[in-house]
Amino acid sequence: MSTAPTVLWFRRDLRLGDHPALAHAAEAGGDVLALFVLDPALLDPAGAARRDVLYRALGSLDEALDGRLLVVKGDPGTAVPKVAKAVGAEAVHASEDFGPYGRRRDEQVGEKVDLVFTGSPYTVSPGRITKDDGDPFKVFTPFYKRWQEHGWRDPADTSASTASWIDPGDVSGGPRRVKVPSEKHHVDAEIGEKEALSAWKDFVDDRASGYGDERNRPDLDSTSRMSVYLKYGMIHPRTLLADLKGKAAEPYRRELCFRDFYADVLFQRPDSARENYDKRFDKIELDSGKHADELFDAWCEGRTGFPIVDAGMRQLVSENWMHNRVRMIVASFLVKDLHLPWWRGARFFLQHLMDGDIASNQHGWQWTAGTGTDASPYFRVFNPTTQGEKFDPQGDYVRRWVPELRGVEGKAVHALKDGRPEDYPEPIVDHKHEREEALRRFAAIKD
Ligand SMILES: Cc1cc2nc3c(=O)[nH]c(=O)nc-3n(C[C@H](O)[C@H](O)[C@H](O)COP(=O)(O)OP(=O)(O)OC[C@H]3O[C@@H](n4cnc5c(N)ncnc54)[C@H](O)[C@@H]3O)c2cc1C
């Protein structure tokens, strides 16, 4: 066993429990330096909500380490090797990152230091679940079946006392230590590993049993709200899976598998972060110009005159989160009613979502747009009014987010057949007409 120090480089794994890379770093035998690198290439495009979450998660991790988290700022390709040299580390341990940027960054760092990966932010890491011939799955259901057969490890038994931590104050010669920054904008969520575990316990105790039946209802607080914790690894999905028993287990497992599936798809096709997964859609007619920009602005600001769409967009901007069903409705509306490219909507989501994640977001959008893997067929066009009536049956969700409509009782808030309040906009498009137009555009490209 070596007694040389090691570095544990935290990235999307801001916790100490169930942390395989921490277990591995500690097993090496030497003291461990906890490191986080504030990387401008990731911070600048992240948006205030995600930066706030990240900074608060780092503050919480630092506290759990009694102030022994070394935070530095800069390009990890330079910063990580400098830290390793300053501390005399033989290896830098980390959880593996499978996103396009993370892989490029890690290749660069790996050329200069011995970068050792253990575990990843996923239940089963991308690339592991394949068909019998080794090809990746392009359809979710068989992936899900194989994923369950493959299984996963039990949570790793780790905590702050797993390692003997190096005090960064004792390290000299490395990059300058910085304080964990803070954002003016604060998302309305408790952030940190302890907070993630407590939110999870609340879900398991109070809401999990109704999850399968109620998860599509934005008017009820029926989902787990774990996405923000999973995004920065304040909790690991295996911790969730190990806890879930009974009625909630199957539907919840399936949703977590979607997260793994989309990470796998992005790993296999990194270009799909920016481009259509299904290349046939490169030729579809999309709108641009002044009028298209005005429609886009109305969508962003929740002024489309379609109550469920406006409620969703206002929830996004105000709460930095949106219910999954409503994410699908507003995405379908942007692509199929406004004929705008999915990536414009995806970019807006990433600027505002506190759980904004390149794999789940871009592929959630591509699924809805019909351009993705086993996508919702392009000809399936969500009707925002009937979707609202079905999934917000009393209209409570719409009234919560659209104050202009609070005087309209019950389900009538979706169709507004008896007229709309003066201060609420007329519909910006005719859904029936735009549906036909979307189908016409699709017919023109399909083979
Ligand atoms: C257009 C669009 C964009 C999306 N963008 C994101 C995003 O940026 N980040 C993100 O984490 N999720 C995204 N999703 C997936 C989903 O909407 C959120 O994960 C979910 O709403 C988070 O709330 P929750 O934790 O209460 O979910 P729950 O219903 O409690 O689900 C538990 C967990 O399962 C995973 N999950 C659930 N549904 C999905 C799904 N469809 N795809 C992938 N993982 C899923 C999430 O990690 C979630 O936290 C998007 C979906 C769509 C349709």
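# Close-up views of a predicted model

**View 1. Helix H7 and its buried face.** Helix H7, residues 193-207, comprises 15 residues and reaches 20 Å from its first C-alpha to its last, close to the 21 Å expected at 1.5 Å a residue. The model shown here and in the following views is predicted. Four residues of H7 are named as buried: Glu193, Ala196, Trp200 and Phe203. Viewed down the axis of H7, these buried residues fall within an arc of 85°, so they line one face of the helix. An α-helix has 3.6 residues a turn, so residues three or four places apart point the same way. The face of H7 turned away from the buried side carries Ser198, Lys201, Asp205 and Asp206, which are exposed. The packing partners of the buried residues of H7 are helix H3 (48-64), helix H9 (227-231) and helix H10 (237-243).

**View 2. Helix H3, a packing partner of the buried residues of H7.** The end C-alpha atoms of H3 are 24 Å apart, in agreement with the 24 Å that its 17 residues should span at 1.5 Å a residue. Of the 17 residues of H3, 12 are buried, so the helix is largely enclosed by the rest of the structure. The buried residues include the arginines Arg50, Arg51 and Arg56 as well as Asp52 and Ser60. Also among them are Ala49, Val53, Leu54, Ala57, Leu58, Leu61 and Ala64. Just after H3, Asp66 adopts a positive phi of about 55°.

**View 3. The open five-stranded sheet.** The 5 strands of this open sheet follow the order S3-S2-S1-S4-S5, with parallel pairing. Strand S3 (69-73) and strand S5 (115-117) are the edge strands, each pairing on one side only. From one strand to the next, the twist averages 30°. Strands of a sheet pair through backbone hydrogen bonds, either parallel or antiparallel.

**View 4. Strand S4 between its two partners, S1 and S5.** Strand S1 (residues 6-10) is joined to S4 by 3 bridges, and the two strands run parallel. Within this pairing, Thr6 stands opposite Ala91 in S4. Strand S4 (residues 91-94) is also joined to S5 by 3 bridges, again in parallel. Val92 has Leu115 of S5 as its bridge partner, and Ala94 is partnered by Phe117 of S5. Ala91 and His93 point one way from S4, whereas Val92 and Ala94 point the other way, and all are buried.

**View 5. Gly99 in the loop between S4 and H5.** Gly99 is found in the loop that links S4 with helix H5 (100-110). This glycine has 20 other C-beta atoms within 10 Å and is therefore buried, since 20 or more such atoms define a buried residue. Leaving aside residues up to four places away in sequence, Gly99 touches Leu266, Ile358 and Ala359. Tyr211 lies 112 residues from Gly99 along the chain, and their C-alpha atoms are separated by 30 Å.

View 6. With 16 C-beta neighbours inside 10 Å, Arg225 counts as partly exposed.

**View 7. Glu436 in helix H20.** Glu436 has its place in helix H20, residues 431-445. With 12 other C-beta atoms within 10 Å, Glu436 is exposed. The C-alpha atoms of Glu436 and Lys145 are separated by 36 Å, and the two residues are 291 residues apart along the chain.

**View 8. The protein chain as context for the close-ups.** The protein chain contains 20 helices and 5 strands. Along its principal axes, the C-alpha trace spans about 75 × 50 × 45 Å. Buried residues make up 46% of the 447 residues. Among contacts between residues at least 6 apart in sequence, 77% join residues at least 24 apart.

Definitions and conventions. Residues numbered from 1 in each chain as written. Predicted model: local features only at pLDDT ≥ 70, side-chain atom pairs only at ≥ 80, totals over all residues. Expected span 1.5 Å × (residues − 1). Arc of directions from axis to C-beta. Contact = placed C-beta atoms within 7 Å. Pairing = 2+ DSSP bridges. Axes fitted to C-alpha atoms, helices over the stretch in contact; angles between N-to-C directions.
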